[in-house]
Amino acid sequence: KEEDLSSFMAKFCESLLVESLVIGNITVEEATKLITDCTKALNSSQPPAVPPTLTVSQLKLGHEYRSVAPVPNDEDINSACLLHYQIGRQSLRDDVLLDIVVQLLDPVAYTQLRTVEQLGYIVATHEHRLARVQGLRILSQSTRDPFYLESRLLACVAGLRKELVDIPDEVLKQHAESLANKKLAPHRSLDVKCDVLFQE
């Protein structure tokens with residue numbers, strides 16, 4: 001109902017804690033005024049005294065966890081499957097290793113699942129980082145049954161594991177150098193730079 005949404009929005013905005021990062025051609029005074037004006041517009045009058053703590057559950061090694069949810073729209077023929085492999089707390093070494101793994105696996109997974117098997121119109125492999133905890137994710141969205149999607153993603157992961165084990169040192173070195181060049185390259189836009197800085 002419209003009144004329920006309005007009531008929720010009022011309470012939500014009232015206790016909203018605004019965390020911001022302003023970069024670019026702007027002075028400290030202008031940036032401060034910008035955030036103040038935004039906070040006033042949101043009517044954030046009672047932000048929490050202590051910022052909420054974001055927690056991440058540690059998944060037990062060797063255990064599988066599955067969450068299944070119906071599609072909200074009965075007429076929607078799409079389904080999706082997301083595999084998440086929790087790695088652990090972020091560190092410089094593990095961050096780099098995960099980035100290299102994603103760089104190696106993403107094109108292979110895309111070719112196998114999207115091109116060869118024609119599994120779905122969205123196939124992606126990427127890193128996921130939240131509250132200093134990171135993991136590897138493989139996603140597929142399709143009109144196929146989600147449990148079938150899961151079986152094909154798991155089969156792909158088994159093949160990808162062999163691909164990583166058998167990778168020649170020279171190829172691994174090339175990927176490491178490619179990643180280093182990518183990290184050292186200037187940000188393509190202010191938006192990308194802001195996103196990188198905000199995550200740090």
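Reader: Which residue stands opposite S140 in strand 3?
Author: V123 is the residue that stands opposite S140 in strand 3, and A124 likewise stands opposite L139 of that strand. Strands here are DSSP runs of E with at least two residues, helices are runs of H or I with at least four, and both are numbered from the N terminus.

Reader: Before we go on, what kind of model is this?
Author: It is a predicted model, in which local features need pLDDT of at least 70 and side-chain atom pairs count only at pLDDT 80 or more, while totals for chains, interfaces and linings use all residues. Residues are numbered from 1 along each chain as its sequence is written, and side-chain values use heavy atoms, with hydrogens and water left out.

Reader: Back to the sheet, then: in which sense do strand 2 and strand 3 pair?
Author: Strand 2, residues 122–130, pairs with strand 3 in the antiparallel sense over nine bridges, where pairing requires that DSSP finds at least two bridges between the strands. The two strands form a hairpin with two residues between them.

Reader: How many bridges join strand 1 to strand 3?
Author: Ten bridges join strand 1 to strand 3, and these strands run antiparallel; H84, for instance, has R137 of strand 3 as its bridge partner. Strand 3 is also mostly covered, with seven of its ten residues buried.

Reader: New topic: how much space lies in the largest pocket?
Author: About 1,400 Å³ of space lies in the largest pocket. Of the 43 residues that line it, Y65, R66, L82, L83 and H84 are the closest to its centre. A pocket, found on a 1 Å grid over the protein atoms alone, is an open set of points where a 1.4 Å probe fits, with protein on both sides within 12 Å along at least five of seven lines, and lining residues have an atom within 4 Å of a point. The volume is the space filled by probe spheres set on the points, which are joined across faces, edges and corners.

Reader: Now helix 3: is Q103 buried or exposed?
Author: Q103, found in helix 3, residues 92–116, counts as buried because its relative accessibility is 16%. Leaving aside residues up to four places away in sequence, Q103 touches H175, S178, L179 and K182, where contact means heavy atoms within 4.5 Å.

Reader: What joins the side chains of Q103 and K182?
Author: A polar contact of 3.2 Å joins them, meaning a pair of N or O atoms within 3.5 Å in which, within protein, one must be able to donate a hydrogen and the other to accept it, and residues adjacent in sequence count only if both atoms are side-chain atoms. K182 has its place in helix 5, residues 169–184, and counts as exposed because its relative accessibility is 54%.

Reader: What does D99 touch?
Author: D99, which also lies in helix 3, touches E127, R129, L179 and K183, not counting residues up to four places away in sequence. D99 is buried, because its relative accessible area is 10%.

Reader: One last thing: how far apart in space are G24 and R152?
Author: They are 45 Å apart, C-alpha to C-alpha, and 128 residues apart in sequence. G24 is found in the loop between helix 1 (2–14) and helix 2 (28–42), and is partly exposed because its relative accessible area is 44%.

Note on methods. Buried means under 20% relative accessible area, exposed over 50%, partly exposed in between (1.4 Å probe, protein chains only).
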